[in-house]
4 protein chains.
Amino acid sequence: MKTYSFKNDYSEGCHPYILEALIKTNLDQQNGYAYDEYSDEAKELIKNKINDQTAEIYFVSGGTQANLLVISSILRPHESVVSAETGHIFTNETGAIEATGHKIHGIVTEDGKLKPEHIQSVLDSHTNKPHQLKQKLVYISNSTEIGTIYQKQELKQLYEFCQANNLYLFLDGARLGQALTSEINDLTLEAIANFTDVFYLGGTKNGALLGEAIVITNDNLKEEFGFHIKQKGALLAKGRLLGIQFLELMKNDLYFDLAKISNVQAMKIKSAFQDKGFQFLSETFTNQIFPILNNSQIEKLSENFDFYVWKKMDEDNSAIRIITSWATSDEVVEGFINEIKAL
Amino acid sequence: MKTYSFKNDYSEGCHPYILEALIKTNLDQQNGYAYDEYSDEAKELIKNKINDQTAEIYFVSGGTQANLLVISSILRPHESVVSAETGHIFTNETGAIEATGHKIHGIVTEDGKLKPEHIQSVLDSHTNKPHQLKQKLVYISNSTEIGTIYQKQELKQLYEFCQANNLYLFLDGARLGQALTSEINDLTLEAIANFTDVFYLGGTKNGALLGEAIVITNDNLKEEFGFHIKQKGALLAKGRLLGIQFLELMKNDLYFDLAKISNVQAMKIKSAFQDKGFQFLSETFTNQIFPILNNSQIEKLSENFDFYVWKKMDEDNSAIRIITSWATSDEVVEGFINEIKAL
Amino acid sequence: MKTYSFKNDYSEGCHPYILEALIKTNLDQQNGYAYDEYSDEAKELIKNKINDQTAEIYFVSGGTQANLLVISSILRPHESVVSAETGHIFTNETGAIEATGHKIHGIVTEDGKLKPEHIQSVLDSHTNKPHQLKQKLVYISNSTEIGTIYQKQELKQLYEFCQANNLYLFLDGARLGQALTSEINDLTLEAIANFTDVFYLGGTKNGALLGEAIVITNDNLKEEFGFHIKQKGALLAKGRLLGIQFLELMKNDLYFDLAKISNVQAMKIKSAFQDKGFQFLSETFTNQIFPILNNSQIEKLSENFDFYVWKKMDEDNSAIRIITSWATSDEVVEGFINEIKAL
Amino acid sequence: MKTYSFKNDYSEGCHPYILEALIKTNLDQQNGYAYDEYSDEAKELIKNKINDQTAEIYFVSGGTQANLLVISSILRPHESVVSAETGHIFTNETGAIEATGHKIHGIVTEDGKLKPEHIQSVLDSHTNKPHQLKQKLVYISNSTEIGTIYQKQELKQLYEFCQANNLYLFLDGARLGQALTSEINDLTLEAIANFTDVFYLGGTKNGALLGEAIVITNDNLKEEFGFHIKQKGALLAKGRLLGIQFLELMKNDLYFDLAKISNVQAMKIKSAFQDKGFQFLSETFTNQIFPILNNSQIEKLSENFDFYVWKKMDEDNSAIRIITSWATSDEVVEGFINEIKAL
């Protein structure tokens, strides 16, 4: 038996519906560079879902690309962005943001989530103008890089704080589907649109071959965004590839169905660990879980399953990371749970 | 009857073999970020074809992305690149190269091709160091943006000039397949590798959904290229998507077969125009042709076919651009030729 | 006898009044970073002279610095600047503008001056948005790099064209004093302020040790300019050094008196060449002249005087460049004229 | 009586010897752009003092400029720099380093000084290549921004660690004179040169009108540095202004004499505070001291003296910052000490 990988949520190709759509549309001639009919239709579906016909929507290939495009298009040279130190842009994108000329102020958090007081502390320590940077943007992720999610009240407070302080709020939604279908979630896609200035819906980690949908709701940020996409090498000649995928994902809420599957599978595994009395590095309700095991248990589970050893707790114990996806089958989950039970 | 578009070579999806491979491999779990098995296999095929097992190969999404990655990874801040003014990087990529900090010296050419004397003239007018930039890189395209191609002797001379002047030579091969299968071509893929320091094989305009294969043969340029791909947002989580496509294209020389089809279809149409006595803006032997028609002829052809009116020659006449692709069927070509005959 | 240099207008230190002011103020304690009293006073004098109390004025060290600060502070990433190919930013500043991420569209001109039709041609060839850059700024110099100057009507037309086309107009005044005191000039400093959005008054080439005064008159460009000065390393801790110099230069119009001297000395030399029947590369009325001499005449003059051989006209003749300054004495000019007469 | 400012060490002009030299050399014609004789002589003196005739030396205007020039010239796009969070580049230069495209990894330290283990911790948390940046440079200051200095053994260990880990070591010497003349210092200028790859000698805060002398001792970093100076707008047309000043400062060790005066004056004031039993925020032996006073004491001292209230300790007490300079007279110090005694 070959090992099964729980290392990430992009180990497989894409949902079969997408392949079917690619086959069906393959020889239709379409305009290039995102002017195809499928992209138009997909945008309409997203606009309807957030109840904002004026939103501007752009499809790009990946999360790092979306992050650098949004941030570099917004900031003037002397402006900076605030992020949690766990934020993907801070240490996991090879300095992509700094490469566009902008500093990221990193904040140590407990749970990967930013609060108004975090931002305030950065503002307070940067009052010596013009020797210090002007903060202009706040970057958050939902779900976060460590699997936690924002509650509606938290997001609302953060957004209101940003508005009061002349800051834009940008939400990285590489795993937004998982956040919005978490059992403890109280946000909707429309609320996400209402309480941010710009965000994106991740496709790559939720059933697409590639693709993130950037949604700009603040009028100030809409102007001429298309130029940046081309300049940064992010404009696909065959934009149809992204349009077709988001059209499939948005139709009949496939996007949310897939995200929910990934969450449910993770929660089953979480329960199995809990039932055996295992502790967790952090409490999560999305498709990432971080149980703490001892070395021999890790070794045992590694025989048939791949996963990352995430953080060494002491000489004998480490937290591991288990990620599930839309493609994680019941059979695999059951097999894994059986092994957990046997630990 | 719906109009048929000759506007570009990326109006359709991809060759059916690619779709078949995507379906077949869809649920195989693979490592992310270009560490998948398909990418490895595709790289092997390319290395074999250029007869260089030490080459480093990277798959990225598009041409502008490939151009900015290669150029910005090579140049230090005070170094610049030389290009024909028709070169894609000069006016058609929204300043992507300058956005990474580097000037492009534009050269007016007759046929879109650079010659040693062109480069020499730039070197001669930039001798006042350090007030003037240091030229370090030469950028060419094959086939060029206006459909012409380099002969072996031309490329060899240019490469030797670059070597003698401490310059790197970079070849944009967005339409390299078309160049190498042109009826007047005398270059091979191996020769391309031998007479450049870095080049890429375009997939997007030759049967892939997306993808260009960057091939680095000069050891000086290999170091740490992967960092740049991630930093510029060009590293796909599901790198398999690119690997699978180049694997299909390289297997059994599908890549060259498809390019040849696009050339042959264009040459048929070219003959039809020639037979009717039409002139051309430039003489081309690849999949782009630029016949000169009068306004009523253009209007007539536009009824059933889409194409760009490329350049106004005088009040009554303009050159149009006709581009064919691997997906241009004999039936369409025949229909178009019939309309040409009827002009 | 040591040779005398006509190579440039920055071979000496500074006007003696400046040294006297430095001595006199030396031990007065002042706030750093341009918040000193001398800078304030100097700014007041300039505001009065342009009759605009709302202008924002900043003193920086040199011309390249002023150019990159102004241009990079104005442009968003996808915006570009238009310049004559003789413009200092185009080939003589080591790619300083491109290093901040922006393309310069170079225009071939007859006399170093831009006209509306030049700009229009760039706009006309960049209509394929977003694949082509958005032009947002026009850069001109007065006097130009080849000694010519703008007439009032020319500047006014250019400014009105810019306004009609949503472009900013930036005037590099490294030798603005020489332009405004030329015998054929019909512009005033106030007119310069009225017909540009931002410009600077050069000190380095007109009697100061170093220093250019950037004057921003368009409200859109005033916001937060100080941040850019600090970020680009252009903010002097002892800003007093720049303030004191511009205070001396602006008091009693010393600035214009010095510029006039440099022009008058050049015109005397020009007359001497004309009287002997020499031709010129271009007709200039400022402190740069470009007479065409044969090789033996150049050799003869080189015995006692240094100057640049500017442009080879044919095997036997070249244009040389003679630059005078506020420090060029009557005695030196007479000695040179005697040698010209003896040719 | 007007208040006397202890706010910084750049409140006055320059040492009188410099003014005398400016007067004496004023009308000598010199080549521009750092090719003057004074710069050559000053460089010779520095080379002799560090006992390295192969060092490359460049004079620039200020510290932020020196920092961004050195760092951006060394790093490739995917490389980063490590600094203490108190390091001047981290929060006090308006993101100047990030504006050139590079991330600064900030480290919390006790005393403003970096140790090998600090750097190791950054290396250890950035092993996921190419998703994380490659650290290539370590930035330190001596004296530090909070007045502390490196001992020889500390610097040597740090340098050896850097060498062992393929990192360059860059020392910001804006206040290097003060460090090397501190009563507890055991380093020489030669040792500084030996245990770093590049450093600079600050003039602005030690008697010059402006100017820092960048000294490059590692051969790898010497290549083509001059281009960067021009490109970043840091090349003065009248480079003589910097050459003359460093010639005066280096002749007869004026540089060290002035630094020593600033230290001695600070130590006298420190003693006075100590004698009265005051505590300090940190123990310093250079020209910056940070005594902790209660609010009424601060108010009392503020009547005749200006200084920054540096850090609030609690409701009733704050640390203030007192900076002395070469221009701080014995009379002023005595007057201040008398007021301290009277507290």
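**Close-up 1. Salt bridges between chain A and chain C.** Chain A and chain C share two salt bridges (a side-chain nitrogen of Lys or Arg within 4 Å of a carboxyl oxygen of Asp or Glu). One of them joins the side chains of A:K134 and C:E224, at 2.8 Å, N to O. This is a predicted model: local features need pLDDT of at least 70, side-chain atom pairs count only at pLDDT 80 or more, and totals for chains, interfaces and linings use all residues. Residues are numbered from 1 along each chain as its sequence is written, chains are lettered from A and ligands numbered from 1 in the order in which they are written, and side-chain values use heavy atoms, with hydrogens and water left out.

**Close-up 2. The contact of chain A with chain C.** Chain A brings 23 residues and chain C brings 22 residues (contact: heavy atoms within 4.5 Å). About 2,000 Å² is buried between chain A and chain C, and carbon and sulfur atoms give 55% of that area. Buried area is the accessible area (1.4 Å probe) that two parts lose on being put together, summed over both. On the chain A side, A:P130, A:H131 and A:F227 lose the most area to chain C, together 31% of what that side buries.

**Close-up 3. The surroundings of B:L236.** B:L236 is buried, at a relative accessible area of 7% (buried: under 20%, 1.4 Å probe, protein chains only). Leaving aside residues up to four places away in sequence, B:L236 touches A:S61 and A:L210 as well as B:Y33, B:A34, B:S61 and B:L242. B:D306 lies 70 residues from B:L236 in sequence and 34 Å away in space, C-alpha to C-alpha.

Key
Buried < 20%, exposed > 50% of the residue type's maximum accessible area, 1.4 Å probe, protein only.
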